[in-house]
Amino acid sequence: MRYISTRGEAPALGFIDVTLTGLAHDGGLYVPETWPAIDAATVAGFAGRPYADVACEVVSRFIAGGTAELARMTHDAYDGFRHPAVTPLVQLAPNTFVLELFHGPTLAFKDLAMQLLARLMDHALALRKERTTIVVATSGDTGGAAVDAFSGRAQVDLVVLFPNGRVSDVQRRMMTTSDRDNVHAIAIEGTFDDCQALVKAMFSHTEFRDRVRLSAVNSINFARIAAQAVYYFVAAVALGAPHRKVAFTVPTGNFGDAFAGYVAARMGLPVERFTIATNVNDILPRVLATGTYEPREVTPTASPAMDIQISSNFERLMFDACGRDPQPVRNAMAALAQSRRFRIAERALTQMRAFFSADRAFEDETAAAIRTTRRETGYLIDPHTAVAVAVAEKESRDPAIPTVVLSTAHPAKFPDAVEKACGIRPRLPDWLADLATKHERVTVLPADQRAVENHILVHSRAAREGVPA
Ligand SMILES: *Cc1c(COP(=O)(O)O)cnc(C)c1O
(Lines give C-alpha, C1' and ligand atoms only; values in the text may rest on other atoms or scores of the structure.)
Protein backbone atom coordinates (compact mmCIF):
# COMPACT_ATOMS: atom_id res chain seq x y z
CA MET A 1 0.00 0.00 0.00
CA ARG A 2 1.44 3.36 -1.11
CA TYR A 3 0.43 6.76 0.25
CA ILE A 4 0.20 9.96 -1.77
CA SER A 5 -0.02 13.59 -0.68
CA THR A 6 -3.27 15.53 -1.11
CA ARG A 7 -1.16 18.28 -2.74
CA GLY A 8 0.57 15.94 -5.20
CA GLU A 9 4.10 17.30 -4.79
CA ALA A 10 5.65 14.99 -2.19
CA PRO A 11 7.08 11.51 -2.80
CA ALA A 12 4.74 8.52 -2.33
CA LEU A 13 5.61 6.61 0.86
CA GLY A 14 4.77 3.32 2.56
CA PHE A 15 2.66 3.04 5.73
CA ILE A 16 5.58 3.04 8.16
CA ASP A 17 7.15 6.14 6.65
CA VAL A 18 3.79 7.89 6.62
CA THR A 19 3.31 6.99 10.29
CA LEU A 20 6.74 8.32 11.24
CA THR A 21 6.54 11.42 9.01
CA GLY A 22 3.13 12.91 9.72
CA LEU A 23 2.74 15.91 7.41
CA ALA A 24 3.93 15.51 3.79
CA HIS A 25 6.82 17.74 2.70
CA ASP A 26 4.57 19.70 0.33
CA GLY A 27 2.35 20.62 3.29
CA GLY A 28 -0.30 18.07 2.26
CA LEU A 29 -1.74 15.09 4.10
CA TYR A 30 -1.02 11.50 3.15
CA VAL A 31 -3.86 9.25 1.96
CA PRO A 32 -3.76 5.71 0.55
CA GLU A 33 -3.36 5.59 -3.23
CA THR A 34 -6.64 3.65 -3.36
CA TRP A 35 -9.10 2.79 -0.60
CA PRO A 36 -8.67 -0.83 0.48
CA ALA A 37 -11.90 -2.86 0.39
CA ILE A 38 -13.43 -5.22 2.92
CA ASP A 39 -16.17 -7.39 1.38
CA ALA A 40 -19.58 -7.89 2.95
CA ALA A 41 -18.88 -11.48 4.04
CA THR A 42 -15.78 -10.37 5.94
CA VAL A 43 -17.71 -7.51 7.58
CA ALA A 44 -20.46 -9.94 8.59
CA GLY A 45 -17.76 -12.16 10.09
CA PHE A 46 -16.72 -9.35 12.49
CA ALA A 47 -19.87 -10.03 14.53
CA GLY A 48 -19.00 -11.18 18.02
CA ARG A 49 -15.24 -11.03 17.47
CA PRO A 50 -12.93 -9.34 20.01
CA TYR A 51 -12.24 -5.67 19.26
CA ALA A 52 -8.50 -6.30 18.86
CA ASP A 53 -9.16 -8.93 16.16
CA VAL A 54 -11.34 -6.55 14.16
CA ALA A 55 -8.72 -3.81 14.63
CA CYS A 56 -6.05 -6.12 13.22
CA GLU A 57 -8.25 -7.03 10.22
CA VAL A 58 -9.12 -3.41 9.41
CA VAL A 59 -5.71 -1.81 10.05
CA SER A 60 -3.86 -4.61 8.19
CA ARG A 61 -5.58 -3.43 4.99
CA PHE A 62 -3.45 -0.27 5.22
CA ILE A 63 -0.14 -2.03 5.80
CA ALA A 64 2.00 -4.18 3.55
CA GLY A 65 3.17 -7.51 4.92
CA GLY A 66 2.12 -10.02 7.57
CA THR A 67 -0.32 -9.53 10.41
CA ALA A 68 1.31 -11.53 13.22
CA GLU A 69 3.11 -8.50 14.68
CA LEU A 70 0.06 -6.31 14.15
CA ALA A 71 -2.18 -8.81 15.96
CA ARG A 72 0.18 -8.74 18.94
CA MET A 73 0.11 -4.94 18.92
CA THR A 74 -3.67 -4.58 18.67
CA HIS A 75 -4.18 -7.02 21.54
CA ASP A 76 -1.57 -5.25 23.63
CA ALA A 77 -3.11 -1.85 22.82
CA TYR A 78 -6.73 -2.74 23.63
CA ASP A 79 -6.23 -5.24 26.48
CA GLY A 80 -5.62 -2.22 28.72
CA PHE A 81 -9.13 -0.84 28.18
CA ARG A 82 -11.47 -1.00 31.17
CA HIS A 83 -14.37 -2.61 29.31
CA PRO A 84 -14.19 -6.09 27.74
CA ALA A 85 -16.01 -4.83 24.63
CA VAL A 86 -13.50 -1.91 24.38
CA THR A 87 -16.15 0.34 22.71
CA PRO A 88 -19.55 -0.78 24.08
CA LEU A 89 -22.89 0.51 22.80
CA VAL A 90 -25.46 1.88 25.25
CA GLN A 91 -29.08 2.23 24.18
CA LEU A 92 -30.78 5.55 24.97
CA ALA A 93 -34.02 5.27 22.97
CA PRO A 94 -35.68 2.76 20.62
CA ASN A 95 -33.25 3.38 17.79
CA THR A 96 -30.63 5.64 19.38
CA PHE A 97 -27.36 4.31 20.74
CA VAL A 98 -24.28 5.84 22.33
CA LEU A 99 -20.91 4.39 21.35
CA GLU A 100 -18.69 4.74 24.43
CA LEU A 101 -15.18 5.53 23.25
CA PHE A 102 -13.85 6.48 26.69
CA HIS A 103 -12.82 3.23 28.37
CA GLY A 104 -9.12 3.76 27.68
CA PRO A 105 -6.52 4.82 30.26
CA THR A 106 -7.20 8.58 29.93
CA LEU A 107 -11.01 8.40 29.53
CA ALA A 108 -11.04 9.99 26.06
CA PHE A 109 -11.46 8.54 22.58
CA LYS A 110 -7.93 9.62 21.66
CA ASP A 111 -6.68 6.55 23.55
CA LEU A 112 -8.08 4.27 20.83
CA ALA A 113 -5.72 5.67 18.20
CA MET A 114 -2.80 6.68 20.40
CA GLN A 115 -2.37 3.30 22.11
CA LEU A 116 -1.95 1.57 18.75
CA LEU A 117 0.08 4.38 17.18
CA ALA A 118 2.65 4.23 20.02
CA ARG A 119 3.19 0.52 19.45
CA LEU A 120 3.40 0.88 15.66
CA MET A 121 5.97 3.66 15.95
CA ASP A 122 8.10 2.02 18.61
CA HIS A 123 8.17 -1.25 16.65
CA ALA A 124 9.11 0.43 13.36
CA LEU A 125 11.83 2.51 15.04
CA ALA A 126 13.29 -0.55 16.77
CA LEU A 127 13.55 -2.39 13.42
CA ARG A 128 15.39 0.61 11.99
CA LYS A 129 17.49 1.11 15.13
CA GLU A 130 16.31 4.71 15.30
CA ARG A 131 15.01 6.99 18.00
CA THR A 132 12.64 9.90 17.78
CA THR A 133 11.52 12.81 19.94
CA ILE A 134 7.82 13.53 19.75
CA VAL A 135 6.62 16.99 20.69
CA VAL A 136 2.91 17.57 21.25
CA ALA A 137 1.11 20.82 21.97
CA THR A 138 -2.10 20.10 23.82
CA SER A 139 -5.08 21.89 25.23
CA GLY A 140 -5.90 18.81 27.28
CA ASP A 141 -6.92 15.39 25.98
CA THR A 142 -4.23 14.67 23.40
CA GLY A 143 -1.41 15.24 25.88
CA GLY A 144 -2.70 12.76 28.43
CA ALA A 145 -3.43 10.12 25.79
CA ALA A 146 0.08 10.52 24.36
CA VAL A 147 1.73 10.34 27.79
CA ASP A 148 -0.02 7.11 28.67
CA ALA A 149 0.62 5.54 25.25
CA PHE A 150 4.31 6.48 24.97
CA SER A 151 5.38 6.03 28.62
CA GLY A 152 8.30 3.62 28.74
CA ARG A 153 8.57 3.13 24.95
CA ALA A 154 12.20 2.29 24.22
CA GLN A 155 12.72 4.28 21.03
CA VAL A 156 10.67 7.39 21.80
CA ASP A 157 11.01 10.43 24.03
CA LEU A 158 7.80 12.38 24.45
CA VAL A 159 7.52 16.07 25.30
CA VAL A 160 4.08 17.58 25.94
CA LEU A 161 3.57 21.33 26.05
CA PHE A 162 0.43 22.56 27.75
CA PRO A 163 -0.65 26.07 28.79
CA ASN A 164 0.18 26.51 32.49
CA GLY A 165 -2.96 26.86 34.60
CA ARG A 166 -5.30 26.45 31.63
CA VAL A 167 -6.01 22.72 31.69
CA SER A 168 -8.21 20.94 34.22
CA ASP A 169 -6.68 19.19 37.27
CA VAL A 170 -7.48 15.76 35.85
CA GLN A 171 -5.99 16.64 32.48
CA ARG A 172 -2.82 18.07 34.06
CA ARG A 173 -2.30 15.11 36.33
CA MET A 174 -2.68 12.71 33.41
CA MET A 175 0.29 14.48 31.82
CA THR A 176 2.49 14.99 34.88
CA THR A 177 2.24 11.75 36.90
CA SER A 178 3.99 9.27 34.60
CA ASP A 179 6.91 7.65 36.44
CA ARG A 180 8.76 6.84 33.21
CA ASP A 181 11.71 9.02 32.35
CA ASN A 182 11.08 9.15 28.59
CA VAL A 183 8.09 11.43 29.26
CA HIS A 184 8.51 15.16 29.85
CA ALA A 185 5.66 17.51 30.71
CA ILE A 186 6.30 21.21 30.16
CA ALA A 187 3.87 23.85 31.42
CA ILE A 188 4.27 26.86 29.16
CA GLU A 189 3.60 30.30 30.60
CA GLY A 190 1.14 31.20 27.87
CA THR A 191 -1.89 29.99 25.92
CA PHE A 192 -2.52 26.88 23.85
CA ASP A 193 -1.78 28.96 20.75
CA ASP A 194 1.65 29.79 22.22
CA CYS A 195 2.28 26.05 22.70
CA GLN A 196 1.29 25.34 19.12
CA ALA A 197 3.42 28.19 17.81
CA LEU A 198 6.42 26.78 19.70
CA VAL A 199 5.95 23.34 18.12
CA LYS A 200 5.64 24.88 14.68
CA ALA A 201 8.78 26.94 15.23
CA MET A 202 10.72 23.87 16.36
CA PHE A 203 9.67 21.98 13.22
CA SER A 204 10.90 24.92 11.12
CA HIS A 205 14.26 25.00 12.92
CA THR A 206 16.01 22.41 10.74
CA GLU A 207 19.14 21.96 12.84
CA PHE A 208 17.13 21.33 16.01
CA ARG A 209 14.60 19.14 14.20
CA ASP A 210 17.33 16.88 12.84
CA ARG A 211 19.28 16.71 16.09
CA VAL A 212 16.38 15.46 18.18
CA ARG A 213 14.74 13.60 15.25
CA LEU A 214 11.54 15.49 15.83
CA SER A 215 8.19 13.92 14.97
CA ALA A 216 4.52 14.48 15.65
CA VAL A 217 1.43 12.46 16.53
CA ASN A 218 -1.33 14.97 15.82
CA SER A 219 -4.61 13.97 14.25
CA ILE A 220 -3.34 14.36 10.69
CA ASN A 221 -1.25 11.19 11.21
CA PHE A 222 -2.93 8.62 8.97
CA ALA A 223 -2.26 5.74 11.38
CA ARG A 224 -4.60 7.45 13.84
CA ILE A 225 -7.34 7.66 11.22
CA ALA A 226 -6.91 3.97 10.33
CA ALA A 227 -7.17 3.00 14.01
CA GLN A 228 -10.34 5.09 14.39
CA ALA A 229 -12.07 3.48 11.39
CA VAL A 230 -12.22 0.27 13.44
CA TYR A 231 -14.96 1.28 15.88
CA TYR A 232 -17.31 2.24 13.06
CA PHE A 233 -17.15 -1.37 11.86
CA VAL A 234 -17.53 -2.75 15.38
CA ALA A 235 -20.58 -0.58 16.18
CA ALA A 236 -22.31 -1.08 12.83
CA VAL A 237 -21.88 -4.85 12.91
CA ALA A 238 -23.29 -5.00 16.44
CA LEU A 239 -26.43 -3.29 15.06
CA GLY A 240 -26.85 -5.54 12.03
CA ALA A 241 -24.38 -4.40 9.37
CA PRO A 242 -23.73 -5.26 6.62
CA HIS A 243 -27.37 -6.36 6.26
CA ARG A 244 -28.65 -3.14 7.79
CA LYS A 245 -27.47 0.44 7.38
CA VAL A 246 -26.56 2.56 10.39
CA ALA A 247 -26.28 6.37 10.77
CA PHE A 248 -23.55 8.02 12.85
CA THR A 249 -23.54 11.40 14.58
CA VAL A 250 -19.98 12.49 15.32
CA PRO A 251 -18.81 15.31 17.62
CA THR A 252 -15.80 16.70 15.81
CA GLY A 253 -13.61 19.75 15.37
CA ASN A 254 -10.54 18.74 13.47
CA PHE A 255 -12.65 16.34 11.38
CA GLY A 256 -10.40 13.39 12.31
CA ASP A 257 -13.10 11.26 13.86
CA ALA A 258 -15.69 11.95 11.15
CA PHE A 259 -13.13 11.33 8.43
CA ALA A 260 -12.32 7.95 9.97
CA GLY A 261 -16.00 7.05 9.54
CA TYR A 262 -15.82 8.11 5.92
CA VAL A 263 -12.81 5.81 5.49
CA ALA A 264 -14.83 2.89 6.90
CA ALA A 265 -17.61 3.67 4.41
CA ARG A 266 -15.11 3.88 1.54
CA MET A 267 -13.80 0.47 2.58
CA GLY A 268 -17.27 -1.00 2.15
CA LEU A 269 -19.16 -0.48 5.41
CA PRO A 270 -22.77 0.34 4.49
CA VAL A 271 -23.51 3.65 6.24
CA GLU A 272 -26.74 5.61 5.83
CA ARG A 273 -25.23 8.99 6.72
CA PHE A 274 -22.65 10.76 8.85
CA THR A 275 -23.77 13.82 10.74
CA ILE A 276 -21.02 16.19 11.74
CA ALA A 277 -21.83 17.80 15.09
CA THR A 278 -19.92 20.90 16.17
CA ASN A 279 -20.28 23.47 18.91
CA VAL A 280 -20.54 27.15 17.93
CA ASN A 281 -17.10 26.86 16.33
CA ASP A 282 -18.96 25.71 13.27
CA ILE A 283 -16.65 25.91 10.28
CA LEU A 284 -17.74 22.43 9.09
CA PRO A 285 -21.52 23.06 9.04
CA ARG A 286 -20.85 26.41 7.35
CA VAL A 287 -18.67 24.93 4.62
CA LEU A 288 -21.21 22.20 3.83
CA ALA A 289 -24.06 24.71 3.74
CA THR A 290 -22.37 27.46 1.75
CA GLY A 291 -19.39 25.91 -0.06
CA THR A 292 -17.08 28.51 1.48
CA TYR A 293 -14.37 27.39 3.89
CA GLU A 294 -13.63 30.35 6.12
CA PRO A 295 -12.07 30.11 9.60
CA ARG A 296 -13.32 32.60 12.19
CA GLU A 297 -12.16 33.49 15.69
CA VAL A 298 -12.38 30.58 18.13
CA THR A 299 -15.08 30.95 20.80
CA PRO A 300 -14.37 29.08 24.06
CA THR A 301 -17.14 26.57 24.90
CA ALA A 302 -17.95 23.80 27.39
CA SER A 303 -16.61 21.30 24.81
CA PRO A 304 -13.04 22.63 24.54
CA ALA A 305 -11.64 19.72 22.49
CA MET A 306 -13.83 20.96 19.64
CA ASP A 307 -12.94 24.65 19.92
CA ILE A 308 -11.26 24.53 16.53
CA GLN A 309 -11.67 26.67 13.43
CA ILE A 310 -9.16 24.98 11.15
CA SER A 311 -10.30 21.45 10.40
CA SER A 312 -7.06 19.88 9.16
CA ASN A 313 -8.51 16.58 8.02
CA PHE A 314 -11.05 18.33 5.80
CA GLU A 315 -8.28 18.52 3.20
CA ARG A 316 -8.43 14.75 2.84
CA LEU A 317 -12.16 14.79 2.13
CA MET A 318 -11.67 17.59 -0.33
CA PHE A 319 -9.01 15.62 -2.22
CA ASP A 320 -11.44 12.70 -2.62
CA ALA A 321 -14.39 14.93 -3.50
CA CYS A 322 -12.30 16.62 -6.21
CA GLY A 323 -11.77 13.26 -7.89
CA ARG A 324 -8.34 12.90 -6.24
CA ASP A 325 -6.96 15.77 -8.28
CA PRO A 326 -4.34 17.63 -6.19
CA GLN A 327 -4.59 20.83 -8.26
CA PRO A 328 -7.84 22.20 -6.74
CA VAL A 329 -6.52 21.27 -3.27
CA ARG A 330 -3.30 23.23 -3.89
CA ASN A 331 -5.32 26.18 -5.19
CA ALA A 332 -7.61 26.09 -2.18
CA MET A 333 -4.75 26.01 0.31
CA ALA A 334 -2.99 28.87 -1.47
CA ALA A 335 -6.22 30.89 -1.33
CA LEU A 336 -6.60 30.06 2.35
CA ALA A 337 -3.07 31.28 3.09
CA GLN A 338 -3.61 34.44 1.08
CA SER A 339 -7.17 35.52 1.74
CA ARG A 340 -8.19 33.28 4.68
CA ARG A 341 -10.91 31.49 2.68
CA PHE A 342 -11.61 29.31 -0.32
CA ARG A 343 -14.60 28.14 -2.36
CA ILE A 344 -15.43 24.53 -3.10
CA ALA A 345 -16.64 23.61 -6.58
CA GLU A 346 -20.30 22.60 -6.78
CA ARG A 347 -19.52 19.06 -7.94
CA ALA A 348 -17.18 18.44 -5.03
CA LEU A 349 -19.73 19.86 -2.64
CA THR A 350 -22.40 17.50 -3.97
CA GLN A 351 -20.01 14.58 -3.38
CA MET A 352 -19.45 15.67 0.22
CA ARG A 353 -23.15 16.12 0.89
CA ALA A 354 -23.76 12.56 -0.31
CA PHE A 355 -21.94 11.33 2.81
CA PHE A 356 -22.25 14.14 5.32
CA SER A 357 -24.81 16.42 6.82
CA ALA A 358 -23.80 18.86 9.56
CA ASP A 359 -25.19 21.05 12.29
CA ARG A 360 -24.05 22.98 15.34
CA ALA A 361 -25.26 22.92 18.94
CA PHE A 362 -25.41 26.19 20.87
CA GLU A 363 -24.19 26.16 24.46
CA ASP A 364 -27.70 26.14 25.96
CA GLU A 365 -28.66 23.19 23.72
CA THR A 366 -25.59 21.26 24.88
CA ALA A 367 -26.41 21.86 28.54
CA ALA A 368 -30.05 20.89 27.89
CA ALA A 369 -28.91 17.65 26.23
CA ILE A 370 -26.91 16.72 29.35
CA ARG A 371 -29.90 17.53 31.58
CA THR A 372 -32.56 15.82 29.44
CA THR A 373 -30.53 12.67 28.84
CA ARG A 374 -29.93 12.35 32.57
CA ARG A 375 -33.59 12.93 33.41
CA GLU A 376 -35.04 10.61 30.77
CA THR A 377 -32.54 7.75 30.87
CA GLY A 378 -30.42 8.18 34.03
CA TYR A 379 -27.36 8.31 31.78
CA LEU A 380 -24.67 10.97 32.27
CA ILE A 381 -22.93 12.37 29.16
CA ASP A 382 -19.96 14.68 28.81
CA PRO A 383 -20.27 18.05 26.97
CA HIS A 384 -18.68 16.75 23.74
CA THR A 385 -21.08 13.84 23.56
CA ALA A 386 -23.89 16.27 24.45
CA VAL A 387 -23.11 18.38 21.37
CA ALA A 388 -23.74 15.28 19.24
CA VAL A 389 -26.88 14.30 21.17
CA ALA A 390 -28.27 17.82 20.72
CA VAL A 391 -27.55 17.76 16.98
CA ALA A 392 -29.00 14.24 16.60
CA GLU A 393 -32.22 15.48 18.23
CA LYS A 394 -32.52 18.43 15.87
CA GLU A 395 -32.14 16.50 12.64
CA SER A 396 -34.90 14.73 10.79
CA ARG A 397 -34.24 11.04 10.60
CA ASP A 398 -35.71 7.78 9.43
CA PRO A 399 -36.90 6.04 12.62
CA ALA A 400 -36.17 2.64 11.07
CA ILE A 401 -32.45 3.35 10.87
CA PRO A 402 -30.36 3.06 14.03
CA THR A 403 -28.45 6.22 14.96
CA VAL A 404 -25.16 5.86 16.79
CA VAL A 405 -23.92 8.91 18.68
CA LEU A 406 -20.19 8.80 19.35
CA SER A 407 -19.27 9.51 22.97
CA THR A 408 -15.74 10.88 22.99
CA ALA A 409 -15.08 11.48 26.70
CA HIS A 410 -16.08 10.17 30.11
CA PRO A 411 -18.25 12.75 31.93
CA ALA A 412 -15.78 12.82 34.86
CA LYS A 413 -13.21 14.39 32.58
CA PHE A 414 -15.37 17.53 32.41
CA PRO A 415 -17.04 17.53 35.85
CA ASP A 416 -17.63 21.29 36.10
CA ALA A 417 -19.63 21.56 32.87
CA VAL A 418 -21.66 18.44 33.67
CA GLU A 419 -22.45 19.62 37.19
CA LYS A 420 -23.43 23.06 35.94
CA ALA A 421 -25.82 21.52 33.40
CA CYS A 422 -27.56 18.91 35.55
CA GLY A 423 -26.50 19.36 39.18
CA ILE A 424 -24.64 16.06 39.39
CA ARG A 425 -20.88 15.93 39.71
CA PRO A 426 -19.59 12.83 37.88
CA ARG A 427 -16.92 10.84 39.70
CA LEU A 428 -13.75 9.36 38.31
CA PRO A 429 -13.80 5.56 38.06
CA ASP A 430 -12.28 3.81 41.10
CA TRP A 431 -9.22 2.67 39.18
CA LEU A 432 -8.22 6.31 38.75
CA ALA A 433 -8.73 7.21 42.42
CA ASP A 434 -4.98 7.50 43.08
CA LEU A 435 -4.54 10.11 40.34
CA ALA A 436 -5.10 12.95 42.84
CA THR A 437 -2.28 11.80 45.13
CA LYS A 438 0.36 10.67 42.62
CA HIS A 439 3.62 12.60 42.46
CA GLU A 440 3.67 15.25 39.72
CA ARG A 441 6.72 16.01 37.59
CA VAL A 442 6.52 19.12 35.45
CA THR A 443 8.85 21.88 34.28
CA VAL A 444 7.46 25.39 33.94
CA LEU A 445 9.05 27.34 31.08
CA PRO A 446 8.38 30.70 29.41
CA ALA A 447 6.88 30.67 25.90
CA ASP A 448 10.40 31.02 24.53
CA GLN A 449 11.65 28.79 21.73
CA ARG A 450 15.28 28.74 22.88
CA ALA A 451 14.40 27.82 26.47
CA VAL A 452 12.14 24.97 25.33
CA GLU A 453 14.65 23.68 22.77
CA ASN A 454 17.45 23.69 25.33
CA HIS A 455 15.32 21.71 27.75
CA ILE A 456 14.47 19.16 25.06
CA LEU A 457 18.11 18.86 23.93
CA VAL A 458 19.10 17.88 27.45
CA HIS A 459 16.43 15.19 27.73
CA SER A 460 16.14 13.77 24.21
CA ARG A 461 18.01 10.48 23.91
CA ALA A 462 18.17 10.95 20.13
CA ALA A 463 20.09 14.21 20.69
CA ARG A 464 22.32 12.78 23.43
CA GLU A 465 23.34 9.73 21.43
CA GLY A 466 23.83 11.63 18.20
CA VAL A 467 22.19 10.89 14.89
CA PRO A 468 23.34 7.62 13.29
CA ALA A 469 24.77 8.17 9.82
C1 LIG B 1 -10.28 15.43 20.29
C2 LIG B 1 -11.67 15.34 20.79
C3 LIG B 1 -12.78 15.53 19.93
C4 LIG B 1 -12.65 15.94 18.47
O5 LIG B 1 -11.93 15.02 17.71
P6 LIG B 1 -11.60 15.33 16.16
O7 LIG B 1 -10.26 14.73 15.92
O8 LIG B 1 -11.63 16.78 16.01
O9 LIG B 1 -12.65 14.66 15.36
C10 LIG B 1 -14.04 15.37 20.46
N11 LIG B 1 -14.23 15.07 21.78
C12 LIG B 1 -13.20 14.89 22.62
C13 LIG B 1 -13.48 14.58 24.04
C14 LIG B 1 -11.89 15.00 22.17
O15 LIG B 1 -10.86 14.82 23.02
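Strand β11 (residues 271-278) and β14 pair in the parallel sense over 5 bridges; strands are DSSP runs of E of at least two residues, helices runs of H or I of at least four, both numbered from the N terminus, and two strands pair if DSSP finds at least two bridges between them. Within this pair, Ile 276 has Ala 358 of β14 as its bridge partner. The model is predicted, so local features need pLDDT of at least 70 and side-chain atom pairs count only at pLDDT 80 or more, whereas totals for chains, interfaces and linings use all residues. Residues are numbered from 1 along each chain as its sequence is written, and side-chain values use heavy atoms, with hydrogens and water left out.

The open sheet is formed by 6 strands in the order β4-β5-β15-β10-β11-β14, with mixed pairing. Because β4 (89-93) and β14 (356-360) stand at the edges with a single partner strand each, one side of each has no neighbour in the sheet. On average, neighbouring strands of this sheet are turned by 25 degrees against each other, direction ignored; axes are lines fitted to C-alpha atoms, for helices over the stretch in contact, and angles run from 0 to 180 degrees between N-to-C directions.

## Helices on the sheet

Helix α12 (residues 283-290) packs on the sheet and touches β11 and β14, where contact means heavy atoms within 4.5 Å. The direction of α12 makes about 125 degrees with that of β14. Helix α15 (residues 346-355) also packs on the sheet, touching β11 and β14, and its direction makes about 80 degrees with that of β14.

## An enclosed helix

Helix α3 (residues 51-60) is largely enclosed by the rest of the structure, because 8 of its 10 residues are buried. Buried means under 20% relative accessible area, exposed over 50%, and partly exposed in between (1.4 Å probe, protein chains only). Among the buried residues of α3 are Tyr 51, Val 54 and Val 58. The buried residues of α3 pack against α4 (68-79), α5 (110-127) and α10 (222-238).

Leaving aside neighbours within four places in sequence, Phe 233 is in contact with residues including Val 54, Val 58, Ala 264 and Met 267.

## A buried loop residue

Asn 221 lies in the loop between β9 (214-215) and α10. Asn 221 is buried, with a relative accessible area of 0%. Not counting residues up to four places away in sequence, Asn 221 touches Val 18, Thr 19, Leu 117, Ala 216 and Arg 316.
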